[in-house]
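Here's a quick briefing for anyone opening this model for the first time. Have a look around, then come back for a short tour.

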Amino acid sequence: MSDQPSGANSRPETPPPSEDAAGSDGALKAGDAGKSGAAVPPEDAVRSASEAGHDTASDAPGGEGTAAQVPGQEGTAAQESVRAAAAVPPQDTGPYVPVVPAYLQAPPPPADPWRRRAQEQKPSALSRLRPSVPPPIRAATLWAVLATALLSALLLGDGLGPNLLMVAAPAALAAFFAAQAAGRRLRPWTAVWAVGGLALLAVPALRDAGWPTFLAVVSALALGSLALHGSRTWPGVLLGSAGLFTSVAAGLRWGWRGVRDRADDSGGRVRTAVRSTVVALVLLVVFGALFASADAAFADLLGSLTPDVSVGDSPWRLFLFVLGLAGALATAYSAAAPVRWDSITVRPGPARSRVEWALPLIVLNLLFAAFITLQLAVLLGGYDKVLDETGLTPAAYARQGFWQLLWATVLTLLVIALALRWAPRSGPRDRTLVRGVLGVLCVLTLVVVASALRRMDLYVDAFGLTRLRISVAAVELWLGVVLVLILAAGVFGAKLLPRAVAVSAAAGVLAFGLISPDGLIAEQSVQRYRSDKTIDVLYLRDLSADAVPALDTLPEPLRSCALERIQRDLETSDTPWYASSWGEARARDILKDHAAEGRGSECYELGGHDSEREGYEEEDSYDPY
């Protein structure tokens, strides 16, 4: 029976000793030594000391002797080590913690693969370009977004007109509130882009033609995106004009977090607002229906002011609601955390030597100069001679060269861009060489643009104006403006060139919509008819309502033949006021006072062919515009 102290009974059972300590009672004897007043050394120290001295104290009589009491072993090294271990104070003064074997320990929790994947995933290029994190969405922004979504669902389903401005107004307010919360300030160029975008949305409100409206809407979206991102370099202007679409998903998540946080912290105010809105809508519907049934005049007024929403177009209205919601949230998110597209840098290519760079451009300049010299000779007196030698009519000669000159202008701009990329740039002489060679090329290309426009003028004078011809002439004119801006950048610096080109494009689209292309085509055709030239009534009858004021001045039966189809389209259309343009409303008033008469097959015998087009009908048999 062991003489272990009674206090050992209260200690928890310890695990089995290791193999090194098996069969050794050194720890027990060291515990007995504590009875004589010596400090109890730690078990590991006593065990190591007993192993070092090959202690066999367990064989001593009674089992009570320590290593210091073994006869004949007082001066051994083992006794000294035991004494040194006994003099060390105990190191573990806290509660005893048993050692759990490895096979009883709980396995570690499995690693989260999603978290590890998120940690290993590198940030995307878009996240690096959007360094700022937007603040929590404000309540004013949420209300503006909701108003945009509701107006989109109620107004945009019937067509495009003044309703675009009505929808854009709350979306602009949402962007303003979000930018204000993020601490952004209104800068001059931001105001230019924003005002230009809103001005472009006036084109659908003024013109009935669909193709200028489409160009105006696309350009307005591009300018709005530039206003939100604040771009000024070529990558910034080109990518920033479409950068709004990169914020759609992030904007939806941002808006959902804002709604969820406010619903949790509102203390019932959100539910109260929803209930109040529902009750107000119910009261408006009930009493509005009663008053409408009581008075026909009030019913007409109410019907003209409220959107016509039916159950059949509910999916389309729902789609417009989601579209307006996503668009407004993307706009607000871009205003709060814009993507810095200007951070994308396009490094110039390796600089070429002067001879390698300048020789091809000088040859191109000589070619342009030779062509322009011939054109000047033709314009100054050799025009009839050229026509006699080629056997072409003036219209055919103009038609033959316009498209080639248009592509020559486009390719020249591409050559200028590539030349600037590989231009020599080691000193002032290189800069002078670049400006001189490219400046001469721009001036010569401007003469080519003038020649192309002159050819188009000859062609229009022979065949009349169409949508395709006025469109390509407008594009050629804008390319000439871009060349002038490049020349100005060579003199005053190219810092403002990207934004100036974008402004010129937006201004061109705005001017193109405001001049009313369909109305201009109709006016030119009427003037040709008054000059004893033929008129193509079959083409004019397919124009929009913008052409009605000019076509109304034609004599009968040309007037009725040109206006019959437009009048029928207006009579069958029940477009509400917010989706009707000013051009459509003006056409309705004109035809209401003097309606077109039905002429039937008589119209197909009037002005359907142009004798000057004989011989070229096969080449121009298809004209989509």
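Let's start with a pair of helices: H10 and H20 cross in a left-handed way. Keep in mind that this is a predicted model.

**The H10 and H20 pair**

- Two packed helices are described by the angle between their axes and the distance between the axes.
- For helix H10 (residues 210-229) and helix H20 (residues 497-514), the axes come within 9 Å and cross at roughly 150°.
- An angle over 145 degrees counts as roughly antiparallel, so H10 and H20 are roughly antiparallel to each other.
- Who does the touching? On the H10 side the contact is made by Trp211, Pro212, Leu215, Ala216, Ser219 and Leu223, and on the H20 side by Ala506, Val509, Phe512 and Gly513.
- Sort the residues of this contact by type and you get eight nonpolar, two polar and no charged.

**The whole protein**

- The protein has 25 helices and zero strands.
- It runs to 625 residues, and 35% of them count as buried.
- Take the contacts with a separation of 6 or more: 79% of them join residues 24 or more positions apart.

- Ser504 sits in helix H20. Its relative accessibility is 13%, and buried means under 20%, so Ser504 counts as buried.
- Setting aside neighbours within four places in sequence, what does Ser504 touch? It is in contact with Trp478, Val481 and Leu485.
- Ala587 has its place in helix H25 (residues 582-593). With a relative accessibility of 0%, Ala587 counts as buried too.
- Beyond its neighbours within four places in sequence, Ala587 is in contact with Ala545, Val548 and Leu570.
- Ala587 and Ala547 are 40 residues apart along the chain, and their C-alpha atoms are separated by 8.4 Å.

- Where does Pro557 lie? You'll find Pro557 in the loop between helix H23 (548-551) and helix H24 (558-572). The peptide bond leading from Glu556 to Pro557 is cis, and its omega is near 5°.
- Ser516 is not a glycine, yet it has a positive phi of about 60°. Its place is in the loop between H20 and helix H21 (517-530).
- Asp532 is another residue other than glycine with a positive phi, this one near 65°. Asp532 lies in the loop between H21 and helix H22 (537-540).

Methods:
Residues are numbered from 1 along each chain as its sequence is written. This is a predicted model: local features need pLDDT of at least 70, side-chain atom pairs count only at pLDDT 80 or more; totals for chains, interfaces and linings use all residues. Side-chain values use heavy atoms; hydrogens and water are left out. Helices (H or I, at least four residues) and strands (E, at least two) are DSSP runs, numbered from the N terminus. Buried means under 20% relative accessible area, exposed over 50%, partly exposed in between (1.4 Å probe, protein chains only). Contact means heavy atoms within 4.5 Å. Axes are lines fitted to C-alpha atoms, for helices over the stretch in contact, and angles run from 0 to 180 degrees between N-to-C directions. Angles under 35 degrees count as roughly parallel, over 145 as roughly antiparallel, 65 to 115 as roughly perpendicular and the rest as oblique. A crossing is left-handed if the near helix is turned anticlockwise from the far one by less than a right angle, and right-handed if clockwise. Ala, Val, Leu, Ile, Met, Phe, Trp, Tyr, Cys and Pro count as nonpolar, Asp, Glu, Lys and Arg as charged, and the others, Gly among them, as polar.
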